[in-house]
Structures are given as C-alpha cells and as structure tokens.
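Visitor: Please take me through one part of this model at close range. Start with a single side chain, then follow the chain onward.

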Amino acid sequence: MIYAIVNGVTILPSAQTDMPDSAVTKEDLVAWDEEFKTICARTGPLFYRTDSRAHAERYLRGLLAPLQRKNGWTIAEYSGQREPKALQRFLNLTPWDADHMRDLVRDYAMEHFADPRGVLIADPTGFAKKGNKSAGVQRQYSGTLGRIDNCQIGTFLAYANSVGDRVLIDRELYVPEHSWIADPDRCAEAGIPADLQFATRPQQAAAMIERTLQAGMPFAWFVADEEFGQNPGLRAYLEARQISYVMAIPKNTEFTDTAGRTNTITKAAQRVKPNHWQRRSCGIGTKGFRVYDWTFINSDRPGHQYMIRRSIDDQELAYYHCHNPREEGLTELVRAAGMRWPIEESFEAAKGEAGLDNYQVRLYHAWYRHITLSMLALAFLAVMRHKSKKGAHHLWTTRTT
C-alpha cells in the first residue's frame with residue numbers, strides 16, 4: 001500500500017481515493033495538505049490555548065498515520081515526543097468541548113455529502129476492555145465481538161448519500177443502568193456526570209437523530225437493525241416526526257394485514273405467492289451486488305408495510321418494518337434496506353484507519369474526545385476520497401470528449 005506524507009500527515013490514497021491507479025501526484029499532495037490545514041483551522045477555535053491546538057493537530061495526524069496501534073504512546077512517538085503525558089492531558093484534563101467538535105464533524109460532512117435521498121443509520125459497536133474502571137464497561141453482549149465479553153458499547157449515527165459516500169456523524173457511550181447509573185461513587189470515579197440519566201440505545205439513537213434534524217441535514221430514510229426496529233418508543237418518535245424508516249424486525253413480530261388477519265411476520269411470509277417475489281439488488285458488497293428476492297405486505301395501518309427478503313442461495317428470510325408515508329415503491333424500500341451496511345463499513349474504516357478502537361482512556365469525557373477526533377479523521381479521509389473520485393471522473397471525461 002502506498003502512503004503519502006503531507007505536512008506530517010500520512011494519507012492512504014490507494015485505500016481511500018478509488019483512483020484509476022495508485023500513483024500520487026503533486027496535485028494530490030497539495031490538495032490533501034490544504035484540506036488538512038482547513039480542518040485544523042476549523043477546529044482551532046475550540047481550544048483557547050495555543051498548545052492545546054497543537055496537541056489536537058498532533059493527535060489528528062497520529063490518527064491518520066500508518067501506525068499499527070493509534071494510542072497516546074504511539075501517537076506521541078510518531079509526533080516526536082518522548083512520552084505521552086501531554087497528549088494524555090489533552091484528552092483527560094484540557095478544557096475543550098467534544099460536543100462542539102461533534103457538531104463540526106457533522107457540519108463538515110454536510111458540506112460535502114448532503115443529499116435529499118441520503119440515509120441515517122444507527123448501530124452499536126463494541127470496544128473490548130480489561131478491568132472495570134473504564135466508563136460504562138461491563139460484561140455484556142457485543143455483536144462486534146460476537147460474544148459476551150468485558151467491553152464498552154458505543155451507539156453511533158452514520159450518514160450515507162446516494163453516490164456511496166458515508167461517514168460517522170454522532171456518537172453516545174452506552175452507560176448500563178444497574179452496574180453504573182445506580183452506583184454514584186463508581187460513576188464519579190469514571191467522570192460520568194452526576195445528572196446523567198440512563199438511556200437505552202434506541203433512546204440514544206433518537207437523541208442523535210433529533211440533533212441531526214436541528215442541524216438541518218437532509219435525509220430520506222432512517223435504517224437500523226432489530227434492536228432498534230423492535231423498539232416501540234423509537235418507532236413512535238420517528239413516526240411523530242414523519243421520518244420514513246426501514247428497520248429490521250424479529251421473525252416473531254406480530255402485525256395485522258389489510259384483510260384484518262393478525263399473525264407473525266413468519267406466518268405471513270408463508271402465504272406469499274411465488275409470483276409476488278421480485279428480484280432486486282440492495283447495493284454492492286465485497287463480493288459484488290447483493291441480490292435477493294423481495295416482497296412486501298401492506299399493514300392495516302396507513303403508511304406501514306412489512307418487507308421480506310429471501311436469500312437466493314438458501315431461502316433464508318429476513319424481515320423489515322417500513323414506515324413509508326411517501327408511498328415509495330419496492331425498489332426504493334430495497335435501496336433503503338441495503339443502506340444499513342455503510343455503517344459497518346464506516347466502523348471497519350474508522351477502526352482500521354482512524355484508530356477508533358485504539359484508545360487507552362478510562363474517563364467518560366475522554367472517551368468522547370478520542371472517539372470524536374477519530375470521527376473527524378474518518379470524515380477527512382471520506383472527503384478526500386470524494387474529491388479524488390470527482391477529480392478522476394473529471395479527468396476521464398476531459399480525455400474522452
């Protein structure tokens with residue numbers, strides 16, 4: 001893999017730009033350099049001390065560097081410092097507002113990726129941890145780890161537009177109720193605010209969506225997995241705000257169809273006639289187009305439909321609850337369902353290229369600081385990828401016209 005060092009920042013052009021070849025031109029270097037300077041200038045006002053601004057720039061450089069691990073020690077060494085104390089103070093003690101940084105990340109993404117047909121995606125991801133001091137840590141199930149383990153869980157909101165750009169725009173640390181919220185002394189030791197109220201992950205998703213609405217970010221759909229799709233409180237929130245959604249649901253979900261029959265979605269699937277299935281692609285994956293058979297069943301509730309996906313290979317079924325007040329067709333519902341994967345791709349990129357899971361902090365606010373800076377690094381890479389694709393398209397059209 002080719003790396004380009006720009007003003008102390010390492011860029012991964014072959015991984016992020018989708019250019020016709022992996023050669024890095026002088027123009028590429030200039031563009032990356034200018035973009036990095038731009039985001040540093042935008043984050044600068046968040047820090048009232050010059051040394052804090054310098055630490056933020058060093059940390060962001062480290063998150064973009066080709067380091068196997070991206071934590072305080074490795075980033076300090078990469079930036080020429082003997083020890084990580086200054087960067088640790090920057091994350092743990094220096095006064096700056098990670099929520100303002102979060103808003104900057106979202107606004108930066110909106111400037112480059114805003115799309116009326118865009119999609120918001122919510123999903124949790126796990127961070128394996130040792131010990132019991134890190135804020136919110138406990139033995140709990142993590143889909144990311146594929147097991148019950150000692151870990152923290154973060155709930156994230158991603159944004160994906162219709163041309164393939166995707167970025168993480170919001171985050172919340174899940175703080176369990178009984179092992180943490182009910183123990184004020186433990187919370188105080190981990191820096192968790194005394195007034196923090198317990199919130200389920202669907203409630204955290206609703207709060208993040210609300211912030212996105214207030215910011216004016218355009219989107220057409222909200223999508224999520226079963227944990228969110230089966231939550232009545234989140235569904236009620238979305239419906240009250242007329243937000244269209246396509247969310248996965250369990251196979252034992254009950255609903256009433258237009259004929260007045262109340263059954264589980266599994267039994268309803270057994271009544272689907274063979275000629276009612278339609279073959280559609282719901283996007284491109286690592287192995288090519290994701291093609292399935294699809295059908296939907298109207299509910300007795302106006303604007304609500306239940307969609308069923310059938311695997312071509314093994315006939316396995318998956319189920320979705322759709323709030324579809326615009327009465328979009330099956331093709332659009334399928335597109336929306338397929339737009340859940342970009343958040344998984346964003347997690348993979350953020351952990352692999354922006355150090356999302358490499359932190360060594362325990363305090364509540366330090367978690368938010370590291371995670372948000374990692375999201376900014378990921379957004380920077382996404383913007384450069386977007387600009388490189390546009391540049392490659394412009395070059396190709398110029399040469400062929």
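Visitor: With which side chain does the side chain of Arg147 make a polar contact, and at what distance?

Guide: The partner is the side chain of Asp149, and the distance is 2.9 Å. A polar contact here is a pair of N or O atoms within 3.5 Å; within protein, one must be able to donate a hydrogen and the other to accept it, and sequence-adjacent residues count only if both atoms are side-chain atoms. This is a predicted model, in which local features need pLDDT of at least 70 and side-chain atom pairs need 80 or more, while totals for chains, interfaces and linings use all residues. Residues are numbered from 1 along each chain as its sequence is written, and side-chain values use heavy atoms, without hydrogens or water.

Stay with Arg147. Arg147 belongs to strand E5, residues 147-160. Strands (E, at least two residues) and helices (H or I, at least four) are DSSP runs, numbered from the N terminus. Tyr159 is twelve residues from Arg147 in sequence. In space, the two C-alpha atoms are 27 Å apart. Buried means under 20%, exposed over 50%, and partly exposed in between, using a 1.4 Å probe and protein chains only. Leaving out residues up to four places away in sequence, Arg147 touches Gln140, Tyr141 and Ser142. Contact means heavy atoms within 4.5 Å.

Next, helix H11, residues 232-240. A side-chain oxygen of Asn231 reaches to within 3.2 Å of the backbone nitrogen of Gly233, at the start of H11. Within the helix, Leu234, Tyr237, Leu238 and Glu239 are buried. What covers them? The cover includes helices H9 (201-215) and H10 (226-229). It also includes strands E7 (221-224), E8 (245-249), E13 (304-310) and E14 (317-323). Just after H11, Gln242 takes a positive phi of about 55°.

Most residues other than glycine have a negative phi. Two further cases follow. Gln315 is not a glycine, yet its phi is positive, at about 70°. Gln315 sits in the loop between E13 and E14. Its relative accessibility is 43%, so Gln315 counts as partly exposed. Glu327 also has a positive phi, near 55°, and is likewise a residue other than glycine. Its place is the loop between E14 and helix H13 (330-338). Glu327 counts as exposed, because its relative accessibility is 69%.

Back to the loop between E13 and E14, where Ser311 is also found. How accessible is Ser311? Its relative accessibility is 13%, so Ser311 counts as buried. The side chain of Ser311 reaches the backbone nitrogen of Asp313 at 3.3 Å. Setting aside neighbours within four places in sequence, Ser311 is in contact with Tyr292 and Glu316. So this loop holds buried Ser311 and partly exposed Gln315.
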